[in-house]
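Student: I should like to learn how to read individual features of a structural model. May we work through one together?

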Amino acid sequence: MTNVAVSENRETTGPAGLLDPLTAGWLGLWGLLALVAAGTGTGYPFGADDPQLDSTMLRLLPVEAGPSFFAAMLLTAAALVLVSRRTTPTGPLRVLLLGYGWAVAFVLAVVVPGVQVLALLGYAPMLLIGAPFGWPPVDYADVFTWPLAARVAAMCGGVLLSGVLLGWQRRTAGSCVGCGRDGTDRGWTTPAAAARWGRWAVGVAALIPVGYALTRFAWLAGIPLGVSRDGLADLWESGAVWAGAGLGAFATVGSVLTLGLVQRWGERFPRWMVGLAGRRVPVRLAVIPAAAVAVLATAAGLNALSLPEFWEPGRGLSAAGLPLMFFPLWGLALGAATYAYHLRRRGACGRCNLG
């Protein structure tokens, strides 16, 4: 009786909201900019003026073909978003359209950002805190560049497109567009099952960044782990050892916060947090940052593994670079841990009443 009633109340459409027009507008705007760059030959962010081009998978795309490629990809994706609410494809057509959309989302969210956006996130505390004191001694114009802005914009577009595609995929499958439930229980998505496999995912996701941090802390302690003594001396002379320590600290904090996905203090604020003690931690407060880091870690790892020099002994394949080999695994594990946390803590859906 209950299952039938709930199933009848399940909404597979839902209100249009702002996600579709926002996503279509965002992709369309950047698609038009790419079209202008293709026509004028100027303004393409990943060309000769991109200092990080050779360190990303974008180097595999000829610069002269880049603007046309991105214009076609972004404008067709924007068109796909606009028609997604008005079509309910089935069979091979559904697979084809969703496959193309997810491929575009992957390129925007994972391929384009590379390691630069994750590095900026790690350096951000040092840059923000040290700016009033003139430290670190960097030219901020060399940090916040047009190519970096384009990478952040691409990631935002990929995330927005993923949200549209997820809703469309659920609707065309007959599931609730809000929570994805379809009225049938699946053992691995129950809270009890998610708690079990989520612990394993959290363990992997917390361990890998610690390995990265250890190499950077070793340099700060004067131990040439993965680098020569002359190389370590150069790091100290340039001050890069402090930047590495900052990234190591960022990785360590992230590892500790990852443990919160299976700890009580990840569900209720601890006692020492005055004003919040004992209150429930909003699910999105944990899910959104963790999901963002999962995407960026995957992007950084895949880009590193695509570099030929990464596989040269003594360079990428060293104690200093070896942790990057596990960054894709880190991203996948953190994404799985985040999803398990979501499954454990999500309540009843306001649209379909399931849960």
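Student: Is L259 buried, partly exposed or exposed?

Tutor: Please bear in mind that this is a predicted model. Partly exposed denotes the range between the under 20% limit for buried and the over 50% limit for exposed. L259 has a relative accessible area of 36%, so this residue is partly exposed. L259 belongs to helix 10, residues 240–259. Together with V253, V256, L257 and W265, L259 makes a nonpolar surface patch of about 450 Å².

Student: What span should the 23 residues of helix 11 have?

Tutor: At 1.5 Å a residue, helix 11 (residues 283–305) should span 33 Å, and the end C-alpha atoms are 33 Å apart, which agrees. Buried residues of helix 11 include A286, A290, V293, A294 and A297. An α-helix has 3.6 residues a turn, so residues three or four places apart point the same way.

Student: Which helices do the buried residues of helix 11 pack against?

Tutor: They pack against helix 4, helix 5, helix 7, helix 12 and helix 13. Conversely, the cover of the buried residues of helix 4 includes helix 2, helix 3, helix 7 and helix 11.

Student: How many aromatic pairs does the structure hold?

Tutor: A pair of aromatic rings is described by the distance of the centres and the angle of the planes. The structure holds eleven aromatic pairs. Y44 and F46 form an edge-to-face pair, at 5.9 Å centre to centre with 85° between the planes. Y44 is buried at 18% relative accessible area, and F46 is buried at 5%. Ring pairs link Y44, F46, F69 and F70 into a cluster.

Key:
Residues numbered from 1 in each chain as written. Predicted model: local features only at pLDDT ≥ 70, side-chain atom pairs only at ≥ 80, totals over all residues. Heavy atoms only, no water. Patch = residues over 30% accessible without salt bridge, like charges linked within 9 Å, V, L, I, M, F, W, Y side chains within 5 Å. Areas by Shrake-Rupley, 256 points an atom, 1.4 Å probe, with all protein chains shown as cover. Salt bridge = Lys/Arg side-chain N within 4 Å of Asp/Glu carboxyl O. Helix = DSSP H or I, 4+ residues; strand = E, 2+ residues; numbered from the N terminus. Buried < 20%, exposed > 50% of the residue type's maximum accessible area, 1.4 Å probe, protein only. Expected span 1.5 Å × (residues − 1). Contact = heavy atoms within 4.5 Å. Phe/Tyr/Trp six-rings, centres within 6.5 Å; stacked < 30°, edge-to-face > 60°.
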